[in-house]
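Biologist: I would like to learn how to read a few features from coordinates. Please take them one by one, with the general idea before the case.

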Amino acid sequence: MSMYKVLPCCLALSVFGTAQAQLDSSLLRRRSADTAKSTLTMDAAYNRPFLKLGKMPVSIGGYMESNWQYVGTSGITAGNQFQFRRFSLFVASSISSRVKFLAEIEYENDPTGDPADAHEGGQFEIEYAAVDVELHPLLNIRGGMIVNPIGAFNQNHDGPKWEFTDRPIAMTQMLPETWSNTGFGLYGKQFTGDWMFGYEFYVTGGLNDSIIDNSMGKTWLPAANANPSRFSASASGAPMYSGKISLRNSKIGELGLSYASDIYNTWQVEGTQIDDKRTARILDVDFNTVLPKLHTSIVTEWAEVLVQIPPNYTQQYGNKQFGGFIDIVQPIFKGHFLGWEHATLNLAVRGEYVDWNVGNFTSTGTRMYNDLWSVMPAISFRPTPQTVLRFNYRHQFQRDITGNAVGAALGLTEGYSLGLSTYF
Amino acid sequence: MVAATFAEISINNSMNRKRLSVIGIIIAAIATFSNCTKMIPDMINPANGLCGAVNLSRAQSVLFAKGNDRFFAIRTAATGLGPYFVSTGCGECHSSDNRGHLFTILTRFGQPDTNGNRFMAMGGPQLQNANLPGLMPQRIPPGATSTRLIAPITAGVGFLEAVPDSEILAFAAANATDPNGVRGHPNYNTIPAYATPLAGAIPRSDGKYICRFGRKASTYNLAQQCANAYNHDMGITSTLAPNNPYNYLDQTAPAIAPTPEVSEDDFNAVVFYVQCLQTPVQRNAVNATVTQGNQVFLNIGCETCHKQTVTTGYSSIAALAYQTINPFTDLLVHDMGAADDDHYTEGTALTSEWRTTPLWGLGLAPQVQGGKVYLMHDGRAHSIKEAIQMHGGEAAVSASKFNALTPVDQNALISFLQSL
């Protein structure tokens, strides 16, 4: 990558357009994920299998996710569902040895997860489009449409990397799913022996009033995703600060600590203050490791969301949320299989919990529920590391704010899904 | 995950047996699961939850489904919520079509006698205790009396609407000679201009009609109930109630939404939805303790007000017409004594008078009240026993008979009530 010549990215893209039609596919050299050097979660955007086009300073890649699902809640099921969840295309180019650019365009079905938006169907979105300029390994500048460094999943969510068709609920329905924003950031990395240290600090656009005023009827950070004006205007006029510190020991694993803070509400109109400023904060801890000998991989992430709620508002919108997940993946077979040289068969399980409204009712002093837990065993088969065929069974229990488990979408949910996801 | 899958993978050469077992595991797993369409959870037994409609035609079912959707939909500022409101959706107060929770309790104020509300200009009759961010909270105007009301059960209300006036009047007439002092009368009230009189309506000579909905039975029919619910509880305007609630302390004119915030279509679907909700189904009706409790219920005079058997009259919805139901209410208002008097009223009921609460669905209340119960109009009773012991006034004799019961009979009565 370091030998690429300077080329405006738009030119690179148009060259690719013609190249695709003309080039013999043998000229497309596959470069699999760069695992030797950059192994922190923060590197996930570049740590993907890319296809390099001959001598072109451009590499491309992408992934897709598709699945069959049969899920029911309290006897009610939508039946057999065939879903094409996501298609993502990324293009990277090295503008000079220390300037690189990456863009990711994603087609997502039901990107907000908000039922009110579901009828809008799939959407194309630029999920990521940023240029990185390296001044020093410890000081890089990133600018553009970037993914906020809030937790590991947000940064490392590509479908083919996971043994589960569904994304972790807390990381996508409590934290905003693949939360990207326009802004700038600094990041850097340092290695010494087995240790690796990384930091990221971003200043971006942020959340908005909809996080406490949405059709979910609960504090719902993903609602901010649905606001189309968030890429050009910030509701509060104040930046969202987000940062992450990552620490990795090659023998122990990687620990990430993230924090984000944003004034989310529209507190002034044409220069006149109409409301107090209120903040939303996110604290997130993530950890991943692979156990020696057993090769068991463990990935876990837990987050807390703290939102200042206006006075005289309804307690449906909570000021505190908590949730996370743990994935345990056990390879039970690795090697030659049906002509695949690096096939893997894994047994896996995901446990997850989300409480969208931590705390007690002021009226009764009793607990506000609005929570969900789920256990999801899985079998996954990877003919190659880049492709996964996965079979999941979900057992989930959800209650509303009063603790009621009898009602639409409440109570026990069970079902299974068979999904295919691959980089290409 | 990433590390595992992208890691260098060693190639094993003697793989035949393993290969077979891998194929075996995959096929076995998929076969097991795909055979198990039974693995999704069962439907809730209708007796244990309130989620059904009465028998409907296909066209009616479509309308019901739409109303169901709108009933549980959450309103936001963008979809008309507020600016002053109590909660964001019907379903937030009537969770699973049952009783409400104290966290969505609402407050009414401004009417100390039967001569009407004196505080309409100051936002009466309902206090919206929540407001959109940045606005000034509403306050009960000085000098106004108030009461707090927790949401009653909505399941079965369509049947209550179909109870003919003649039957309600007969209940009242039968009380005239009650030895225990039960009286009770219908709450005659002025009905809104848009209300079409119900089938068989028997208005009083002063033009007032028998009203039946709400804790004070001051609301005429379900259309009026829904219009008021949208308007007073959620700040949603409709063609029937076109003005948003406002705060007199804001010193701005009430915000009038240029178009109704609930379309006529959606509104009618919601009215239809509540009308067609099935009645709660009694559980363990043949259990010996339950039948004994039912007998106690009759013996100590509870049934004088909480009418066990009521028959509906004509209804345009066939499933509601001429049905026998067990709502445990007479739809009359009764004087419940000084302790239950909040000095606030509606229509021609006295401040101490309340509509006999339908007891159906009572046993399911803990499901929607966080495992506890909050009974009576403001949820002041934290158990069925407490609720009974808070009965005064016309129900005082009955309550004292309850207190005189043996613990076995008391428990049987409570088991019976929990089976409803």
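Biologist: How many Å should helix α9 (residues 288–299) of chain B span?

Modeller: The expected span of a helix is 1.5 Å times one less than its number of residues. Helices (H or I, at least four residues) and strands (E, at least two) are DSSP runs, numbered from the N terminus. For the twelve residues of α9 of chain B this gives 16 Å, and the end C-alpha atoms are 16 Å apart, which agrees. The model is predicted: local features need pLDDT of at least 70 and side-chain atom pairs count only at pLDDT 80 or more, while totals for chains, interfaces and linings use all residues. Residues are numbered from 1 along each chain as its sequence is written, chains are lettered from A and ligands numbered from 1 in the order in which they are written, and side-chain values use heavy atoms, with hydrogens and water left out.

Biologist: Which residues of α9(B) are buried?

Modeller: Buried means under 20% relative accessible area, exposed over 50%, and partly exposed in between (1.4 Å probe, protein chains only). In α9(B) the buried residues are V290(B), G293(B), N294(B), V296(B) and F297(B). Viewed down the axis of α9(B), they fall within an arc of 160° and so line one face of the helix; the arc is that of the directions from the helix axis to the C-beta atoms. The face turned away from the buried side carries the exposed residues A288(B) and N299(B). Part of the cover over the buried residues comes from α13 (407–418) of chain B.

Biologist: What is found at the ends of this helix?

Modeller: The N-terminal end of α9(B) is capped by N287(B), with a side-chain oxygen 2.8 Å from the backbone nitrogen of T289(B). Just after α9(B), G301(B) has a positive phi of about 85°.

Biologist: Is α7(B) largely enclosed or exposed, and why?

Modeller: Ten of the 13 residues of α7(B) are buried, so the rest of the structure largely encloses this helix. Among them are L222(B), Q224(B), Y230(B), H232(B) and D233(B). G235(B) follows α7(B), and its phi is positive, near 70°.

Biologist: In what order do the three strands of the open sheet run?

Modeller: Strands of a sheet pair through backbone hydrogen bonds, either parallel or antiparallel. Two strands pair if DSSP finds at least two bridges between them. Here the order is β3-β2-β5 (chain B), with antiparallel pairing. β3 and β5 of chain B stand at the edges with a single partner strand each, so one side of each has no neighbour in the sheet. Between β2 (residues 106–109) and β5 (residues 146–149) of chain B there are four bridges, and L106(B) is the bridge partner of L149(B). Between β2(B) and β3 (residues 126–127) there are two bridges: T107(B) stands opposite L127(B), and R108(B) is partnered by Q126(B). Both faces of β2(B) are covered, with L106(B) and R108(B) buried on one side and T107(B) and F109(B) on the other.

Biologist: Which residues touch the most other members of the largest nonpolar core?

Modeller: A nonpolar core is a set of buried Ala, Val, Leu, Ile, Met, Phe, Trp, Tyr and Cys residues joined through side-chain atoms within 4.5 Å. The largest has 42 residues, and those touching the most other members are V54(B), L56(B), F64(B), Y230(B), F267(B), V274(B) and C276(B). Elements giving two or more residues to this core include α3 (58–72) and α7 (222–234) of chain B. α8(B) gives the most, with six residues. Contact means heavy atoms within 4.5 Å; leaving aside neighbours within four places in sequence, the contacts of F64(B) include G52(B), L56(B), F272(B) and C276(B).

Biologist: Where does S87(B) lie?

Modeller: S87(B) is in the loop between β1 (84–85) and α4 (90–93) of chain B. This residue, S87(B), is buried, with a relative accessible area of 1%. A polar contact is a pair of N or O atoms within 3.5 Å; within protein, one must be able to donate a hydrogen and the other to accept it, and residues adjacent in sequence count only if both atoms are side-chain atoms. One of 3.4 Å joins the side chains of S87(B) and Q316(A).
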